[in-house]
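We will go stop by stop.

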Amino acid sequence: MSFFLSDWPWAYLGTLKYALYGPLVAKAVHTNLYGGNEADNWCFHILLLTFLRYVIYQLWATYSNMYCLSAKYKICKKDAEFDQMDREWDWDNFLLLQAFMATAAHHFLPFFRDMPAWNAGGFIFFAILHMGPAEALYYWAHRAFHKDILFQRYHSLHHAAIVLQPQTAGTATFLEHIGLTIIMAVPMVGASWMGGASMGMIYLYCLLFDFLRYMGHSNVEIVPETIFRWLPPLKYLIYTPSYHTLHHTEMDTNFCLFMPLYDYLGKTINSKSWDLHRSMSAGQVEEVPDYVFLAHIVDVLSSLHVRFLLRGFCSTPFATWWFLLPLWPVVIPFALAMWVWAKPFVNTGHRLKGRLHQTWIVPRFGFQYFIPFAQEGINNLIQDAILSADKMGVKNEALNGGGTLFVKRLPNLRVRVVHGNTLTAAVILNELNPAVKEVFLTGATSKLGRAIALYLCKKRIRVMMLTCSEERFKSIQSEAPPEFQNFLVQVTKYQVAQNCKTWIVGKWIAYKEQKWAPVGCHLHQFVVPPIFELRKDCTYGKLAGMQLPDAVEGLSTCEYTMPRRCVHACHAGGILHSLEGWDHHEVGAIDVNKIDMVWEAALKHGFKPMK
């Protein structure tokens with residue numbers, strides 16, 4: 001339900017809201033490139049300042065979501081959910097509002113123009129006006145917004161987030177941000193009126209303001225307790241992330257902007273504040289995961305689909321959006337640097353039935369797996385990750401690959417190594433139309449291709465196996481019972497399948513191969529990255545995956561192109577192995593006789609086929 005000034009005026013524009021910066025861009029270009037005249041070159045500075053404010057946000061988002069840096073100091077161990085990510089999608093609305101309100105003030109207030117680049121004496125004006133009027137106004141306004149009507153109609157949006165993240169700082173209604181902007185303006189406009197403002201001080205104040213706001217909502221205790229032990233009065237002058245987190249969990253306390261002094265004077269300070277800060281700043285023992293999924297980066301642009309880079313973007317399935325393309329030149333040097341220095345790292349985590357599951361990333365791109373001289377280095381990275389998990393006491397680790405090499409190298413492992421592809425085969429097979437009598441299979445001699453072919457032939461389904469290797473075909477055919485061997489047929493050309501309406505694609509194909517599929521053909525696939533959907537008269541299956549059970553918690557990132565709350569079938573297979581408590585390694589060739597058993601076990605635990 002909408003209330004007075006609760007909705008943002010440009011909410012209906014979606015991402016087109018950024019076009020509202022257009023007039024500022026036009027004015028800045030005219031002033032700097034075409035000889036225009038504007039006091040202070042204001043529009044240029046507003047745009048530059050806005051960009052720097054985005055940078056401050058990104059630094060905090062990266063730090064707070066980079067597990068290796070922040071996990072030990074996390075205040076709330078839970079993670080955000082997808083509904084919170086959606087609520088906070090437009091967290092940056094306030095930057096657009098403040099850009100235009102500042103421009104209006106610059107236009108209508110004569111004393112807010114023609115400022116010097118720097119005025120060190122103005123720091124006193126800013127400090128007094130912030131610590132006095134600005135902090136007091138915010139404190140009492142904040143308390144007012146916690147009253148029944150104002151809270152329900154406005155402030156409840158901000159407090160819908162129990163797990164804080166930097167974008168929570170900007171998530172509030174239009175009315176609240178008008179008020180916050182006015183409070184923010186008090187030191188800037190006031191100092192200007194008294195002749196103490198400067199462009200440098202405006203930059204410094206805005207960036208410091210944002211820095212402290214994002215810090216308070218970072219969910220990471222970054223302020224060391226020793227500072228307050230050495231300088232006890234300082235704890236009344238600067239808040240901490242744990243201090244503000246208490247405000248979100250116990251909402252009738254800790255109302256201040258940045259200075260707890262006002263909570264002390266207003267008798268609203270939470271008695272747990274200092275003990276919680278002392279505990280959090282000392283660091284927590286990191287929890288050992290029950291299960292780890294070891295994955296690699298698919299391609300260059302998908303490397304940006306990680307939570308510590310583009311937090312909102314990674315809460316949606318990966319797609320190559322236009323704004324990613326200019327980042328190519330930036331990503332390439334990092335890719336090379338990772339090749340030389342990076343080690344496996346934790347990307348995401350969630351909980352299922354009381355168990356902690358994590359995804360670790362092997363910092364290698366998909367194409368590197370096909371470079372002969374890179375394979376030994378990749379295997380060493382995977383082995384190091386397995387040994388780390390084993391040392392930590394992880395029970396199961398799933399590999400996006402075979403795993404036999406590592407089980408042979410490391411015979412004394414306590415951790416169970418699982419490729420999860422038994423469930424991948426089960427997902428693909430259960431997607432097939434029950435009435436199908438014939439399929440065309442590419443990648444036919446791969447681990448998955450072999451299992452699919454052997455399973456289908458036992459169902460008396462004719463399988464055209466595309467392979468040029470008669471030896472490999474004969475080897476697979478010989479595994480089938482004699483009475484079913486004639487259902488496996490070797491083919492060497494795509495043209496043979498031009499009348500087959502069920503294709504199972506295990507090898508990447510372009511249009512020159514897809515053109516042989518008949519009209520109405522459905523193309524299932526188990527190839528990464530997925531094939532391009534080039535035929536409008538055919539239908540395409542998604543990569544094999546499963547929807548996680550409803551009991552999953554703390555999930556707010558999408559796994560590559562998977563829909564929300566879904567993971568690749570091999571990932572689900574590893575989770576299932578952990579939930580079932582199976583004690584064997586699942587490596588090497590897929591046991592065809594276990595495909596149905598694994599599928600039934602997955603359904604029993606609440607996994608669902610992807611919609």
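## Stop 1

Select E250 and K272: they form a salt bridge, with the closest N and O atoms 2.7 Å apart. The term means a side-chain nitrogen of Lys or Arg within 4 Å of a carboxyl oxygen of Asp or Glu. E250 sits in the loop between helix 11 (241-249) and helix 12 (261-265), and K272 in the loop between helix 12 and helix 13 (273-281), 22 residues apart. Helices (H or I, at least four residues) and strands (E, at least two) are DSSP runs, numbered from the N terminus.

This is a predicted model: local features need pLDDT of at least 70, side-chain atom pairs count only at pLDDT 80 or more, and totals for chains, interfaces and linings use all residues. Residues are numbered from 1 along each chain as its sequence is written, and side-chain values use heavy atoms, leaving out hydrogens and water.

Now check the surface. E250 is partly exposed at 26% relative accessible area, and K272 is partly exposed at 44%. Buried means under 20% relative accessible area, exposed over 50%, and partly exposed in between (1.4 Å probe, protein chains only).

## Stop 2: two more pairs

Select R462 and E438. Their salt bridge has its closest N and O atoms 2.4 Å apart. R462 lies in strand 7 (residues 462-466) and E438 in strand 6 (residues 438-441), so the pair ties together parts 24 residues apart in sequence.

Next, select E533 and K542, which meet in a salt bridge at 3.4 Å, N to O. E533 is partly exposed at 44%, whereas K542 counts as exposed at 54%. Then pick E225, R229, D275 and R278: salt bridges that share partners join them into one network. The salt bridge count comes to 18.

## Stop 3: the cavity

Which residues line the largest cavity? Select R53, F94, Q98, A169, L180, M184, F209, D210, R213 and Y214. Helix 5 (93-108), helix 8 (174-193) and helix 9 (199-216) each give two or more residues to this lining. Helix 9 has the largest share, 4 residues. About 50 Å³ of space lies inside. On a 1 Å grid over the protein atoms alone, a cavity is a set of points where a 1.4 Å probe fits but cannot get out, and lining residues have an atom within 4 Å of a point.

## Last stop: the whole chain

Zoom out. The protein chain has 22 helices and 14 strands. Of its 611 residues, 52% count as buried. The C-alpha trace spans about 95 × 55 × 50 Å along its principal axes.

How values were computed:
1 Å grid on protein atoms, 1.4 Å probe; cavity = no way out; pocket = protein on both sides within 12 Å on 5 of 7 lines; lining within 4 Å. Points joined across faces, edges and corners; volume = space filled by probe spheres on them.
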